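Subject: Structure handover and findings

Dear colleague,

The structure is handed over below for your files. My notes on what was found in it follow.

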Amino acid sequence: MDDKKKLHLLTVALDVFFKYGYKRVSMNELAEAAGISRAGLYLYFKNKEEVFNATILHYGDLLIEEIVEGLSSKKTPEDKILFAFEVWSINNFDQSLNSPEVKEMTESSYTFAQEALHASYKKLEVVLVSILESHPKSAKSLDTLSPEKLAHLLTSATRGFKIVAKNSSELREMIKELLRMILND
């Protein structure tokens, strides 16, 4: 697939899925929004689920890119990790709670795009590992757990926090408290 064409299709699909959710979007609507025929879309993707999976991966890559670009402006490992979660989870959290379409897209990703979601979280963990490896080994958790395990615990806990948090402020505070427990003695 032509990379420019694929990027265009995924960018358009992301907008369409965020606007209407997963269930209400058809291949025809995706093709129309991208300015190609439905048959043309089928040349690139077998079905809507495949488009959605590729879109989730693309969205995760965009977030990772934003995180990596912004890390240099942060001083401490705690600030860097919190920034990563601001971009990854917190910034759009209230929208996911208040928009039925965004909420439905998020829920659909667990049903229709588990592998893509898992792959995206693995990429986030790689970024977190690089931050944790730069942290001095004075914190107890860094002496007993590998950076890989800590990164996995952070992403897993944050996924759970997103289920119980009532708003982005509460989600941010939960993540901050977890970081204090992990990174401070």
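Leaving aside its neighbours within four places in sequence, which residues is Leu-124 in contact with? They are Ile-64, Ile-67, Ala-84, Phe-85, Trp-88 and Thr-155, where contact means heavy atoms within 4.5 Å.

Some ground rules first. This is a predicted model, in which local features need pLDDT of at least 70 and side-chain atom pairs count only at pLDDT 80 or more, while totals for chains, interfaces and linings use all residues. Residues are numbered from 1 along each chain as its sequence is written, and side-chain values use heavy atoms, with hydrogens and water left out.

Overall architecture

The protein has 11 helices and zero strands; helices (H or I, at least four residues) and strands (E, at least two) are DSSP runs, numbered from the N terminus. Along its principal axes the C-alpha trace spans about 60 × 35 × 25 Å. Of the 185 residues, 44% are buried, where buried means under 20% relative accessible area, exposed over 50% and partly exposed in between (1.4 Å probe, protein chains only). Taking contacts between residues at least 6 apart in sequence, 68% join residues at least 24 apart.

The largest nonpolar core contains 55 residues. Such a core is a set of buried Ala, Val, Leu, Ile, Met, Phe, Trp, Tyr and Cys residues joined through side-chain atoms within 4.5 Å. Phe-17, Leu-30, Ile-81, Leu-124, Leu-128 and Leu-154 have the most contacts inside this core. At least two of its residues come from each of α1 (3–20), α2 (27–34), α4 (48–71), α5 (77–90), α8, α10 (147–164) and α11 (168–183). Helix α8 gives the largest share, nine residues.

Not counting residues up to four places away in sequence, Glu-125 touches Ala-151, His-152 and Thr-155. Ser-120, also placed in α8, is buried with a relative accessible area of 3%. With residues up to four places away again not counted, Ser-120 touches Ile-56, Leu-57, Gly-60 and Trp-88.

Glu-104 in α7

Glu-104 lies in helix α7 and counts as buried at 15% relative accessibility. The side chain of Glu-104 reaches the backbone nitrogen of Tyr-22 at 2.8 Å. Beyond four places in sequence, Glu-104 touches Tyr-20, Gly-21, Tyr-22 and Lys-23. Gly-21 is 83 residues from Glu-104 along the chain, yet their C-alpha atoms are separated by 5.6 Å.

The pocket

The largest pocket holds about 620 Å³ of space. On a 1 Å grid over the protein atoms alone, a pocket is an open set of points with protein on both sides within 12 Å along at least five of seven lines, a cavity is a set where a 1.4 Å probe fits but cannot get out, and lining residues have an atom within 4 Å of a point. Grid points are joined across faces, edges and corners, and a volume is the space filled by probe spheres set on the points.

The pocket is lined by 25 residues, of which Ser-96, Thr-106, Ser-109, Tyr-110 and Lys-162 are the closest to its centre. Helix α7 provides the largest share of the lining, seven residues. By class, the lining has 14 nonpolar, seven polar and four charged residues; Ala, Val, Leu, Ile, Met, Phe, Trp, Tyr, Cys and Pro count as nonpolar, Asp, Glu, Lys and Arg as charged, and the others, Gly among them, as polar.

Leu-41, in helix α3 (residues 38–44), is buried with a relative accessible area of 2%.

Regards

How values were computed
A polar contact is a pair of N or O atoms within 3.5 Å; within protein, one must be able to donate a hydrogen and the other to accept it, and residues adjacent in sequence count only if both atoms are side-chain atoms.
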